[in-house]
Amino acid sequence: MTASFESWIGREEERTDRITLQAAEAMAATLDLESSPRLGAALPPGWQWMFFNPVVQRRGLGAAGHPARGGFLPPIELPRRMWAGSRIRYLAELAVGSLATRTSRIQKVENKVGKRGSLWFVTVQHTTRCEGVDCIVEEQDIVYREATPPGTVAPAPARHDDVAQWGREIVPDTTLLFRYSALTFNGHRIHYDQAYARGEEGYPDLVVHGPLTATLLQQLALEQGGGRALASFEFRGVSPLFVTRPFRVEGRPADDGALALWARGPDGELAMSASATFR
């Protein structure tokens, strides 16, 4: 490990936020749900990502739209940053209308070399509390990588052949991506700036947010849970999904009593793998 980043391990920051009814109503509308949680009701899983996000002035943003390097996260100089996956435990309800606090702690900073060069992995643990009770504990994996050289052709992802017992199609349009970026205060330009997504980061079109896909998978899990609340959810991004290209969120029961979940891209490729358990 580069010695200069060792001092970031164990670093903490704390943010307090109101779990507002307005945000819950806006997310329900964004996801095209028929109803939204009322005051005092449990915030649905994945919706916590609307809160506790850093508020940075425009002049404090980097070229990609992320906050500039440094601050709480280590100042890794690699230009591309992505949220690769999370492991989440839902311990207690986080009520709409409540005042909650999230404590974030950097657990690990690792350097690896992949097929396309250097990679840095940063693991952050987020603990969300309300009235002294731990409600959500999440380990989040953030990956930093080198820029893809212009003209590089990405390898075709493998088809996902798992057989679903239930699922549905999602057609991500620009309004969905815009609204989700706004609700999560996500300035990453790959989600709304087509010229940037294509010209700078080499994508064929605007990219669907990974946590949006993870939220849709959690929603699917709840629909199969018979009214039970989620106890845990974990996901890993495998390949990107793009605007206007239909994809499917699917799942089946797993042998251990959990649910196996995934997002399948328009060409049958695995875009995200996930699993969920219930209380």
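My entries on one helix, a pocket and a cavity follow.

**Ground rules.** I'm working with a predicted model, where local features need pLDDT of at least 70, side-chain atom pairs count only at pLDDT 80 or more, and totals for chains, interfaces and linings use all residues. Residues are numbered from 1 along each chain as its sequence is written, and side-chain values use heavy atoms, with hydrogens and water left out.

**Helix H4.** I looked up H4, residues 210–223; helices are DSSP runs (H or I, at least four residues), numbered from the N terminus. Its 14 residues should span 20 Å at 1.5 Å a residue, and the end C-alpha atoms are 20 Å apart, so the two agree. The expected span is 1.5 Å times one less than the number of residues. Why did I note H4 as largely enclosed by the rest of the structure? Because eleven of its 14 residues are buried (under 20% relative accessible area, 1.4 Å probe, protein chains only). Among them are Pro211, Leu212 and Ala221.

**Second largest pocket.** I found about 290 Å³ of space here. Of its 16 lining residues, Ala42, Leu43, Pro44, Pro45 and Ala229 are the closest to its centre. A pocket is an open set of points on a 1 Å grid over the protein atoms alone, with protein on both sides within 12 Å along at least five of seven lines; lining residues have an atom within 4 Å of a point.

**Largest cavity.** I found about 60 Å³ of space in this one; a cavity is a set of grid points where a 1.4 Å probe fits but cannot get out. Gln48, Trp49 and His126 are among its lining residues.

Key. Helix = DSSP H or I, 4+ residues; strand = E, 2+ residues; numbered from the N terminus. Buried < 20%, exposed > 50% of the residue type's maximum accessible area, 1.4 Å probe, protein only. Points joined across faces, edges and corners; volume = space filled by probe spheres on them.
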